[in-house]
Amino acid sequence: MMKKLLFIAVCVLCTFTSTIFAQTNLGLEAWSPNGAPGPPPGEDPDDWGTLNGFMFLGFPQTTFKDSMNPAEGTFSAMTITDTLPGAVTAGACSDTASGMLFLGFYGLTTGEHGVAYTSREIKRVNFMYKYMPVDNDTGAITVTLSHYDTLLDSTIKDGVGLMLFTQLDTPWTAGSVAITWITADTPDTLQIVAAGSAVMFCESLSFGIGEQRKGTKLWLDDFVIDTTVTGIDESVAESKSVNIFPNPANSSLTIHSKDPADPILLIEVYNATGQLVRRVFNVNITSRYVLKRKGLPSGLYMINVKTKEHNVMKKVMFE
């Protein structure tokens, strides 16, 4: 059980569950003690989760209430990457772990994730942030909308979004995660997960990003669920930034960012039912990448490509 707890605590972009509504405390104004031993006692924003609950294992506090200079209101959340002594020995990914902020409360026994959300009207999640990376560390915030399919007995991703923090941003900066819809289904769950250090290098995982560095700090505040539509056809503008060819394809696809200064950071492949079947996640990817088919069955797929400046989703066919 200890090994499972530590693995969940340190692998920073895991799945979560909640019984609240998604719109609760998005401004991070309400905080309550989480019962962890002190001093200082652990404290979490209401209706959000952090890793402070693992302070009972002797881990340091990694998410803090900050009242010095919030973007809005009285408080903001600050996460810091810190050392968790002995975590690897107990089976975790690393002895260094990012502070985290995720919407909802993680259920150790159920493994369910997210908060109740049943609308396709969401276009993006907006928020305010500050970022102070150590060395070449990279942070991330992910948004996922999904539903449980009773026939398939599995959770299907309906919409996804990602934003990376790759550089020093010391003043409060407006951030936005645009949602790319994969399926035509209505979701039942919304998940938001943020981490100042987004590295994942466990043997059970096949991708990594950034450098997990002690002392990296990420501030977050004023989340907003945005359902408005801008006057720009963003899907058309984004699609012009990346080429994916050939289509249809046989053994491989070439994914090419047209701007050499806009490297590819993330590639995800979803099958026709919205299940993630392949992921390449590495900030060292160049502006051109060859994606091998590697035994994927013939059929229609959605390719999600995240570059430094753009997020592109395209349909492709493997013959």
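User: What makes Glu43 and Lys65 a salt bridge?

Analyst: Their side chains meet with N to O at 3.2 Å. A salt bridge needs a side-chain nitrogen of Lys or Arg within 4 Å of a carboxyl oxygen of Asp or Glu, so this pair, at 3.2 Å, counts. Glu43 sits in strand β2 (residues 43–45) and Lys65 in strand β4 (residues 63–66), so the bridge ties together parts 22 residues apart in sequence. Strands here are DSSP runs (E, at least two residues), numbered from the N terminus. Keep in mind that this is a predicted model, where local features need pLDDT of at least 70, side-chain atom pairs count only at pLDDT 80 or more, and totals for chains, interfaces and linings use all residues. Residues are numbered from 1 along each chain as its sequence is written, and side-chain values use heavy atoms, with hydrogens and water left out.

User: Why is Glu43 called partly exposed?

Analyst: Buried means under 20% relative accessible area, exposed means over 50%, and partly exposed is in between (1.4 Å probe, protein chains only). Glu43 comes in at 22%, so partly exposed it is.

User: And how do you know whether Asp135 is buried or exposed?

Analyst: Asp135 has 57% relative accessibility, so it counts as exposed. Asp135 also forms a salt bridge with Arg213, the closest N and O atoms being 3.4 Å apart.

User: What about Glu268, buried or exposed?

Analyst: Its relative accessibility is 7%, so Glu268 counts as buried. The side chain of Glu268 meets that of Arg279 in a salt bridge, 3.1 Å from N to O.

Methods
Helix = DSSP H or I, 4+ residues; strand = E, 2+ residues; numbered from the N terminus.
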